[in-house]
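Please examine the sequence and the three-dimensional structure shown here.

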Amino acid sequence: MFRCDYHTHTYFSFDGTPNSSPEALCLAAIERGVTDLAITDHFECNWRADAAYSPFDAGRAYNEVIVAKEKYKGKVNLTYGIEIGQINQCPEEAERLLRGHNYEFVICSIHNLRGAPDFFFVDFKKIFEYMPQDYVGHLFERYIQELCESLDVCDKIDTVAHLTYMHRYCALSGNNYDFTKHASKVEELYRKMISRDIALEINVSTLWKGLGFAMPDRELLSLYRDCGGRLVTVGTDSHSPEHIGECIDEGFDLLRSVGLDSVLVVRNGEKNIIKI
């Protein structure tokens with residue numbers, strides 16, 4: 001039986017738990033029937049400029065992942081990846097990292113807009129209560145624009161992570177927001193991704209957190225399908241072994257519900273499209 005988890009973090013990510021070693025993630029994957037695992041630690045391109053994130057020890061991370069990959073060969077298909085945040089803000093940092101390390105799988109993400117904090121720190125409760133206009137929509141359109149910019153300055157991206165990242169924090173603040181109001185902007189991003197064979201990630205962290213939706217949700221996933229999108233990846237965004245593989249099956253169900261029946265994985269450095 002095929003199961004994949006293509007967005008995970010070890011203790012080499014600034015927010016990974018102390019027990020989240022590459023070996024621990026492999027063992028959790030094997031225990032839970034995850035056949036294909038990608039370790040994709042954070043590298044935030046703006047960490048020097050903004051001092052908002054901790055540095056990433058790429059050398060040590062590489063060594064530990066490669067050891068785990070060899071040790072558990074035949075038990076789990078381990079892919080060495082990276083999640084690069086804010087490529088558009090400091091593209092030279094992304095280029096330096098990618099030039100120095102032979103990553104098999106590259107995730108593109110935006111965690112904070114240019115000149116703003118990570119959405120994790122944004123008080124969405126106050127935004128919904130006090131902002132007189134559609135400020136969430138304004139932030140989301142800026143977010144989509146910065147993702148488009150990232151795709152324009154880096155040609156090594158394999159997938160775009162957690163579209164509607166801010167949806168997680170809107171929901172945690174007790175508020176709902178209809179992101180389909182910005183479908184035309186999202187479609188621009190989708191068409192750019194599709195033209196460059198860049199996949200769309202189905203991030204199920206919001207499912208195992210109990211929020212009731214994936215990122216993106218069913219409506220925006222349907223829009224991706226309508227635009228001709230077929231390449232997708234699925235990941236838990238786990239930062240500890242406890243969540244490896246959690247709600248992946250629900251992510252697969254979501255894909256099937258909109259008529260998509262396969263996902264992208266990387267095996268031995270080669271991209272594979274696997275039926276779910």
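**From a loop residue to the core**

L231 lies in the loop that links helix 10 (218-226) to strand 7 (232-235); helices (H or I, at least four residues) and strands (E, at least two) are DSSP runs numbered from the N terminus. The model is predicted, so local features need pLDDT of at least 70 and side-chain atom pairs count only at pLDDT 80 or more, while totals for chains, interfaces and linings use all residues. Residues are numbered from 1 along each chain as its sequence is written, and side-chain values use heavy atoms, with hydrogens and water left out.

With a relative accessible area of 24%, L231 is partly exposed, because that class falls between buried (under 20%) and exposed (over 50%), for a 1.4 Å probe and protein chains only. Leaving aside residues up to four places away in sequence, L231 touches D197, I198, A199, L200, Y224 and I273, where contact means heavy atoms within 4.5 Å. The C-alpha atoms of L231 and W47 are separated by 30 Å.

The largest nonpolar core has 90 residues, and I84, Y143 and Y190 have the most contacts inside it. Such a core is a set of buried Ala, Val, Leu, Ile, Met, Phe, Trp, Tyr and Cys residues joined through side-chain atoms within 4.5 Å. Helix 6 (residues 135-153) gives the most to this core, with eight residues. Beyond four places in sequence, the residues that Y143 touches include I110, L113 and F119.

The count of disulfides is zero, a disulfide being a pair of cysteine sulfur atoms within 2.5 Å. For C154, the nearest cysteine sulfur is that of C108, 7.5 Å away. C154 is buried, at 9% relative accessible area.
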